[in-house]
Every structure is written in structure tokens, then in C-alpha cells.
Amino acid sequence: MTGLPPAESLALPEHAVRHHPTAPDMPHKNELPAALFARAALIATDDHRQCLDHGDFGHAVRAGSTAESGDTPFGLLLEGPVDRPDGAITVADLTGVGAVDAALASAVLRELAPPAR
């Protein structure tokens, strides 16, 4: 995905998903507007320090849009449902931690799998 519009003009669903399997995060790369993080009810990161260094979360922190402690480790979100208001924005900054990627894929597959007969 390239060229997102300004955060204030985004009419986002409860969860907006984007995935870049061949485009790893790097310190100079910034794909999400910092203002989007200010609007988020939940910011999930796969590795706090790594996301601060070269993820969109770090860009948002340096822009003053969110606090350095404003993220939730993604692993905690896999433990169970998170209480959020309807229509709340969730931002996930995943900078590439293989174990988290595998756990996330497993959780999504469990949710999408048809019930056992």
C-alpha cells in the first residue's frame, strides 16, 4: 500500500489491516500518519524497542502524537479479548518478529476456521 491520505480524513472501520510481506520497516520508512496514532484507542506493537527505533510507532512518538509508553505488546492481545469502544481505531505496528508473526497467523486461522463437526 502506498500514499495514505491524511489521518484526519480517514474514515476507518473498526480494524484496518495492512500487510507488507516484502517491505520491512526501516528507520527512514514511514507509512502511517503520526496523527492516526493519536486517534487510536489501542496501539499494538510486536517489539516495543524495535518499533520505537524503526517502526511507525516510533515516528508517532517522535512527532508527539503518542507517548513512548502508549503501546500494548501484541502477545498480550492474543491472550484474550480487549475491551474497546465500538468504532475505536486499533493500530498494529509489526516490525518483524517471527514468533509474533506465527502466533498472529495461528490466532487468525483459529477465528476463521469453520466449527468442528
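In strand β1, L42 and A44 point one way while I43 and T45 point the other, and all of them are buried. Buried here means under 20% relative accessible area, exposed over 50% and partly exposed in between, with a 1.4 Å probe and protein chains only. In a regular strand the side chains alternate between the two faces of the sheet. Strands like this one are DSSP runs of E of at least two residues, whereas helices are runs of H or I of at least four, and both are numbered from the N terminus.

A word on the model itself before we go on. This is a predicted model with residues numbered from 1 along each chain as its sequence is written, and local features need pLDDT of at least 70, while side-chain atom pairs count only at pLDDT 80 or more. Totals for chains, interfaces and linings use all residues, and side-chain values use heavy atoms, with hydrogens and water left out.

Now let's follow β1 to its partners. Two strands count as paired if DSSP finds at least two bridges between them. β1 (residues 42–45) runs parallel to β3, with four bridges joining the two. Within that pairing, I43 stands opposite V91, and T45 has D93 as its bridge partner. β2 is joined to β1 over two bridges, also in the parallel sense, and there T45 has P73 as its bridge partner.

Where does the side chain of D93 reach? It meets the backbone nitrogen of D56 at 2.9 Å and the backbone nitrogen of F57 at 2.7 Å. Both are polar contacts, that is, pairs of N or O atoms within 3.5 Å; within protein, one atom must be able to donate a hydrogen and the other to accept it, and residues adjacent in sequence count only if both atoms are side-chain atoms.

F57 also brings us to the largest nonpolar core, where F37, F57 and V91 touch the most other members among its 13 residues. Such a core is a set of buried Ala, Val, Leu, Ile, Met, Phe, Trp, Tyr and Cys residues joined through side-chain atoms within 4.5 Å. Helices α1 (34–39), α2 (48–54) and α3 (56–62) each supply at least two residues of this core. Beyond its neighbours within four places in sequence, V91 is in contact (heavy atoms within 4.5 Å) with residues including L32, L36, F37 and I43.

Stepping back, the protein chain has five helices and three strands, arranged along the sequence as α-β-α-α-β-α-β-α. Buried residues make up 33% of its 117 residues.

Finally, how far can you trust each part? The predictor's confidence in each residue is pLDDT, from 0 to 100, and the chain averages 77, with 76% of the residues scoring at least 70. Over residues 12–22 the pLDDT is below 50. Where pLDDT is low, the predicted coordinates should not be read in detail.
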